[in-house]
Amino acid sequence: MADKVRDIEDIVDKYLKAGKILSQVRSEARDHIKVGASLLGVAEFVEARSIELGADGSAFPCNISLNDEAAHETPVRDDTEVFAKDIIKVDIGVHLDGYIADSAMTIDLSGDHSDLVKASEEGLSAAIDSVRSGVNTADIGAAIEDAITSYDHRPVVNLTGHGLSQYIPHAHPSIPNRRVSNGVELKTGDIIAIEPFATDGVGKVVDGSLTEIFQVISKRPVRLPAARALLKELEPYRTLPFAKRWLKVPKLDFALMQLQKAKVVNSYPVLKEVSGGMVSQAEHTVIVTDDGCEVTTR
Ligand code: MN
Ligand code: MN
């Protein structure tokens, strides 16, 4: 029993440390984001700085999604794009021994979408205020929707927060960003990421064409040498998402296609607001406690 308690304390400690590292990286990244700065430079800074500060690695590639892109955009290899007067979502994941901190911020370089930024931030604080052991995820969703609509914006209804577990960045349960009829009850010790998305569009995302983020989803053996070489390179990421620009094997595109065909690797295309609306996002990772929650990524 004492061993088990110690194990749980060790795990919580890793979640908290990962959160602390993320929080520092996020605040340093903010200073790098200005008109004319390179997206790739910011992503590489985030990913390298996490390790410098003691993380075992990124829990997923640094997402930098612009304007009507809600998520899953990350720079390509040798990317030359620079920030303009954009609405920028930076979504960062770091892990220690597979225990994940996941947090996102929105920076408005356009200068005229401060209400949109506030809508998702207020949605997040309302959600955090509502969390305690016994809360139903439906009540969290309602709190988020009310906060966002009070700014005359809409929640993105087909994006949700999620549970976290070791090396699994999207675990059960999902945390809705709107009123739903069937939620689940949270209990003390649950680790969840809450991530409201607000938009001035209709409130729904669809897949875009760019795909740079992938994840190994099964251990099925593959025969083609190029695919086997790629699987070998992917081993350290286990079940954590990775970016194409991180990989070095020859015939990368071919190998990646083969692994997707064999359903060994899944892809995460960029998600865009269907009506072209601007999107903001705010996210924290929290540990549910008896009378509230502890935010690991504040
Ligand atoms: Mn995230
Ligand atoms: Mn998340």
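Predicted model: local features only at pLDDT ≥ 70, side-chain atom pairs only at ≥ 80, totals over all residues.
Figure 1. A link between distant parts of the chain is formed by Asp102 in strand 4 and Glu283 in the loop between strand 13 (279-281) and strand 14 (284-289), 181 residues apart. Asp102 is buried, its relative accessible area being 3%. Glu283 also counts as buried, at 1% relative accessibility; the cut-off for this class is under 20% relative accessible area.

Figure 2. Protein donors to the manganese ion (ligand 1) come from Asp91 (OD), Asp91 (OD), Asp102 (OD) and Glu283 (OE), at 2.1 to 2.4 Å from the ion. Along the sequence, the donor residues follow the spacing D-x10-D-x180-E. Asp91 in strand 3 (residues 87-96) and Asp102 in strand 4 (residues 99-108) are 11 residues apart, and this pair links distant parts of the chain. Asp91 has a relative accessibility of 8% and counts as buried.

Figure 3. Asp102 (OD), His162 (NE2), Glu195 (OE) and Glu283 (OE) coordinate the manganese ion (ligand 2) at 2.1 to 2.2 Å. The sequence spacing of these donor residues is D-x59-H-x32-E-x87-E. His162 and Glu195 also belong to the residues that lie nearest the centre of the largest pocket, the subject of the next view.

**Figure 4. The largest pocket and its lining.** The volume of the largest pocket is about 500 Å³. Its lining consists of 28 residues, and those nearest the pocket centre are His72, His162, His170, Glu195 and Tyr268. Two or more lining residues come from each of strand 1 (57-66), strand 6 (161-165), strand 7, strand 10 (205-216) and strand 12. Strand 7 gives the most, with seven residues. By class, the lining of the largest pocket holds 13 nonpolar, 12 polar and three charged residues. Domain 1 (2-207 + 271-295) and domain 2 (208-270) each contribute at least three residues to this lining.

**Figure 5. The second largest pocket.** This pocket has a volume of about 360 Å³. The residues lining the second largest pocket are Gln215, Val216, Ile217, Ser218, Lys219, Arg220, Pro221, Leu231, Leu234, Glu235, Arg238 and Thr239. At least two of the lining residues are supplied by each of strand 10 and helix 5 (225-234). The lining of the second largest pocket divides into five nonpolar, three polar and four charged residues.

Figure 6. The His172 to Pro173 peptide bond is cis, with omega near -5°. Pro173 belongs to strand 7 (residues 168-175). Ile175 is found in strand 7 as well, and counts as buried at 0% relative accessibility. Apart from neighbours within four places in sequence, Ile175 contacts Thr137, Ile140, Thr160, Gly161, His162, Ile192 and Ala193. Of these contacts, His162 is one of the residues that coordinate the manganese ion (ligand 2). Between Ile175 and Lys14 there are 23 Å in space, C-alpha to C-alpha, and the two are 161 residues apart in sequence.

**Figure 7. Two positive phi angles in loops.** Most residues other than glycine have a negative phi, and most peptide bonds are trans. Asp78, not a glycine, has a positive phi of about 60°. Asp78 sits in the loop between strand 2 (69-71) and strand 3, and counts as exposed at 62% relative accessibility. Lys263, also not a glycine, has a positive phi of about 55°. The loop between helix 6 (252-261) and strand 12 (265-273) holds Lys263. With a relative accessible area of 55%, Lys263 is exposed; this class begins over 50%.

Conventions
Residues numbered from 1 in each chain as written. Chains lettered and ligands numbered in written order. Heavy atoms only, no water. Donors = N, O, S within 2.8 Å, 3.2 Å for Na, K, Ca; no water. Helix = DSSP H or I, 4+ residues; strand = E, 2+ residues; numbered from the N terminus. Buried < 20%, exposed > 50% of the residue type's maximum accessible area, 1.4 Å probe, protein only. 1 Å grid on protein atoms, 1.4 Å probe; cavity = no way out; pocket = protein on both sides within 12 Å on 5 of 7 lines; lining within 4 Å. Points joined across faces, edges and corners; volume = space filled by probe spheres on them. Nonpolar A, V, L, I, M, F, W, Y, C, P; charged D, E, K, R; others polar. Domains from an automatic or database assignment. Contact = heavy atoms within 4.5 Å.
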